[in-house]
Amino acid sequence: ICLSLYLHIFLFDCFRLWCAPWLGDARRQSFGHYTTLLQEFRLGDVAAFQNYLRMPPQMFDEILNRVAPYIAKQNTNYRNAIEPGVKLAATLRYLATGDLYPTVSHSFRVQQHTVAAFIPKVTNAIIEAYKEEVLPCPVESAEWLVIADEFERKWNMPHALGAIDGKHCALKKPSNSGSLYYNYKKFCSVVLLALVDANYRFLWVDVGGMGHMSDSQIYNASELKECLEDGSLDIPAPTPLPNDNVDFPYFIIADDAFALRRHMLKPYSRRRMTREERLTNYRISRARRVVENAFGIMSNRWRCLLTTMQSSPEVVRMNVECCVILHNIMRMRYPQFHNGDIDSEDENHNVIPGAWRADIDLRDIVQNIGHRNDDLDNIEGKNQRDYLKHYFTAGPGRVDWQDRMIDG
């Protein structure tokens, strides 16, 4: 009995040393943002709640119900476990602001090392709970046709299956990493390579790239390229473009960082362009803008992507993938919240910049990489781009307002 009593006293004294006076269950309940500020917002100012956690209360509650079983812990004789709601709110606030762990610790009255321990667990739980639902890459022809129809309807780009691009997400230089994460713009990063549909929703992502790698390198080693080449993605068979009679393949829209291929369309080189090539580039770039907008509105909402994250590469990759998942949930459940962020066009098709463009430091990198141009796939890609040029400039794919866009 005495031994047990001494043990309890010893552990109690240790707990007092571990826990600063402003921490602990009582302080967290009385002064932590989860039980005070967020509850005031929920009851009296929903817009403030949305601004604080970048989502409406009903979306927060949905995510909490989904991930709570995976992030909850049992109480012990010496301390109560932190509520799943506190963990989720603190994680979302971290992703929304890019604040350092000490700031999150102060706001939610949780020890800093505890914050560092549970944020990766919460982001991983969100990924595992939602990835199959909100980030499924199409694998059937009918699904790809729906995406292509949306590109044609919204962006006058028939047969497009998505726009692909890379985004560099900055992180603190990992120990003993040499130059693996160091990109040519002189900061360390992991690379998010993404395929986006006409509605700014991510269809497929790869967050495995290191900063020194180009978008093309990551794509060439990706599962997406492998599946495109072996036919497992069930890309629709070539069919005529609208109001045409020649079969034309379906393709992904890219930029100069990628090689021109049968299923990969990119603009003409800017050197000595003809007027027809300029018109074609405008049409391609107009449709490719969706991936730029998707990166922009995601980074504007989850601002950790605009900072230099102070975590290991593995944790940073989870943070980035979690932001992609949360972005897609918002696009699917509450698309109206992004309307002000997205580029739009007036009745004359002039671009109205979205609010996200106010943040100029998005860490996006355009890499003009030299490619071999002597393979058959590249030759097919060139021929298809030339056919599309005639279709857009002198054929049935021409639109009345396109000349004004390049003459201005």
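How many aromatic pairs does the count come to?

The model is predicted, so local features need pLDDT of at least 70 and side-chain atom pairs count only at pLDDT 80 or more, while totals for chains, interfaces and linings use all residues. Residues are numbered from 1 along each chain as its sequence is written, and side-chain values use heavy atoms, with hydrogens and water left out.

First, the rule for rings. Rings of Phe, Tyr and Trp (for Trp, the six-membered ring) pair if their centres lie within 6.5 Å; planes under 30 degrees apart count as stacked, over 60 as edge-to-face, and the rest as tilted. By this rule there are 10 aromatic pairs.

Take Phe202 and Phe295. Their ring centres are 6.0 Å apart and their planes are at 40°, so this pair is tilted. Phe202 belongs to strand S3 (residues 202-210) and Phe295 to helix H12 (residues 275-301), so the pair ties together parts 93 residues apart in sequence. Helices (H or I, at least four residues) and strands (E, at least two) are DSSP runs, numbered from the N terminus. Both Phe202 and Phe295 are buried. Buried means under 20% relative accessible area, exposed means over 50%, and partly exposed is in between, with a 1.4 Å probe and protein chains only.

Next, Tyr282 and Trp401. The ring centres are 6.2 Å apart with the planes at 90°, so the pair is edge-to-face. This pair also links distant parts of the chain: Tyr282 is in helix H12, and Trp401 is in the loop between helix H14 (376-393) and helix H15 (402-407), 119 residues apart. Tyr282 and Trp401 are both buried.

There is also an aromatic cluster formed by Tyr34, Phe49 and Phe60.

Now charges. A charge sits over a ring if NZ of Lys or CZ of Arg is within 6 Å of the ring centre and within 35 degrees of the ring normal. The charged end of Arg283 sits over the ring of Phe392, 4.1 Å from its centre. For Arg385, the charged end sits over the ring of Tyr268, 4.1 Å from its centre.

Last, the backbone. Most residues other than glycine have a negative phi. Asn156 has a positive phi, near 55°, and is found in the loop between helix H9 (141-155) and strand S1 (160-170). His159, in the loop between H9 and S1, has a positive phi of about 70°.

Are these residues buried or partly exposed? Asn156 has 24% relative accessibility, so it counts as partly exposed. His159 has 5%, so it counts as buried.
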